[in-house]
Amino acid sequence: MGLDFVKTPFQQEWYNKVGKLADKFAKREKHYDIHGTFPFNNIEQLKEAGYTSLTIPKQFGGQNISLYELVLLQEKLAQGDGATALSIGWHIGCVMDITEKSRWGHNMLTYLCDQVKKGKLINRAATERQTGSPTRGGKPQTYAKKKNSNWIINGRKTFTTMAPTLDFFLVSAAVDDQLCEFLIPRDSTGVRIEEAWDTMSMRGTGSHDLVLDQVEVEEKFLVERNTRERKGLANGWLLHIPACYMGIAIAARNYALHFAHTYSPSSISGPISELPNIQRMTGEMELELMQARHFMYSVAERYDTSQDKQLLIPELGAVKHVVTNSAISVVDKAMRILGAQSLFNDRPLERYYRNVRAGLHNPPMDDAVIGTLAQHAFSEITNKESNIQSTKKE
């Protein structure tokens, strides 16, 4: 699956490159999952392929891939290793977000892009145990204070994906009553990684805790003030998340179909793929994948061409909700096709089953998406009624 969404020679070239990498990563995924270790080899190969700099704008010397292309490649990569895809997705998505919104100064944007072209990696560090997900609006306990012309930052962040190999941490911190973001180089004094990542899902993402103890950075590394203003902006880059979980679901689907086509127990004549119940579950998987994928790619394409991306906020959230929940359903059906065979550790389905559920806890959360859709629906009604009243007065 997937070739039907490739549209250009450029996309085909990169789709093939990523496909070859995904095949290699698939052979290592079990090892990283069992041991809960970080896939350094995978990340290095992505760097060597030029993948980590694909979202740099052309004016800064990059390829400036579209959101559609990001989704296409991330989905393919996740078919090989979901944890690797989610990890690198945060990096390339973060670069896309920073450069697209252009809320940094030109000098720091240039600096970041130059560093990324050299193979450096970045990710946001925003979540904290005390405040939970930053999308809920809690004020971070991490804080920054001025010391002469520099800043001193203290705090702890959780869910810092790719912590073992990140070169820069984009840290949210309170400066008095204002929420700001600091770009903190890994080699800054006082930066420490505490290996706290021990979960049932996405064990290879290395999402450890980032500890900041009297970290001192220059004034220029305060890259954004009043980040609450950014909260209401459209975040197309976050579609790297549903793309990842869709890739895992496709991998589960492919494995289940191969099993059904080749497994023939002595109790029946022919493979189980000919059984009515297997046919039904397969058809249901195909339908869910078609609906979710067409929705995801359609919204991504609309985002790329839209003159007012803010209008797509409800749909962007809906994509994450629909795709993630559809992916969970598809993996569940794939396991039902295999039956008890799906539970064995020597088969990848139990890993897909665990990994795909992590999508429920990536932003935006399901309840927030549903709430946004409801608010959007009622605002349309209110606006229509207001227009009617205005017309009557005229």
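This is a predicted model: local features need pLDDT of at least 70, side-chain atom pairs count only at pLDDT 80 or more; totals for chains, interfaces and linings use all residues.
Tutor: Residues are numbered from 1 along each chain as its sequence is written, and side-chain values use heavy atoms, with hydrogens and water left out.

Student: Why is the pair of Trp90 and Trp237 called edge-to-face?

Tutor: Rings of Phe, Tyr and Trp (its six-membered ring) pair if their centres lie within 6.5 Å; planes under 30 degrees apart count as stacked, over 60 as edge-to-face and the rest as tilted. The ring centres of Trp90 and Trp237 are 5.8 Å apart and the planes stand at 70°, so the pair is edge-to-face. The structure holds 10 aromatic pairs. Ring pairs also link Phe5, Tyr68 and Tyr297 into a cluster.

Student: Where in the chain do Trp90 and Trp237 lie?

Tutor: Trp90 belongs to helix H4 (residues 82–101), and Trp237 to the loop between strand E8 (222–224) and helix H6 (240–262), 147 residues apart. Helices (H or I, at least four residues) and strands (E, at least two) are DSSP runs, numbered from the N terminus.

Student: What makes Lys17 count as lying over the face of Trp14?

Tutor: A charge sits over a ring if NZ of Lys or CZ of Arg is within 6 Å of the ring centre and within 35 degrees of the ring normal. Lys17 lies over the face of Trp14 at 4.2 Å from the ring centre. Lys309 is placed over the face of Tyr303, at 4.5 Å from the ring centre.

Student: Why is the contact of Asp209 with Arg156 called a salt bridge?

Tutor: A salt bridge requires a side-chain nitrogen of Lys or Arg within 4 Å of a carboxyl oxygen of Asp or Glu. The closest N and O atoms of Asp209 and Arg156 are 3.0 Å apart, and the two residues form a salt bridge. Asp209 lies in strand E7 (residues 208–218) and Arg156 in strand E3 (residues 150–160), so the pair ties together parts that are 53 residues apart in sequence. By this rule the count comes to 28 salt bridges.

Student: Why are helices H1 and H2 called roughly antiparallel?

Tutor: Axes are lines fitted to C-alpha atoms, for helices over the stretch in contact (heavy atoms within 4.5 Å), and angles run from 0 to 180 degrees between N-to-C directions. Angles under 35 degrees count as roughly parallel, over 145 as roughly antiparallel, 65 to 115 as roughly perpendicular and the rest as oblique. The axes of H1 (residues 9–35) and H2 (residues 40–49) come within 10 Å and cross at roughly 170°. H1 and H2 are therefore roughly antiparallel.
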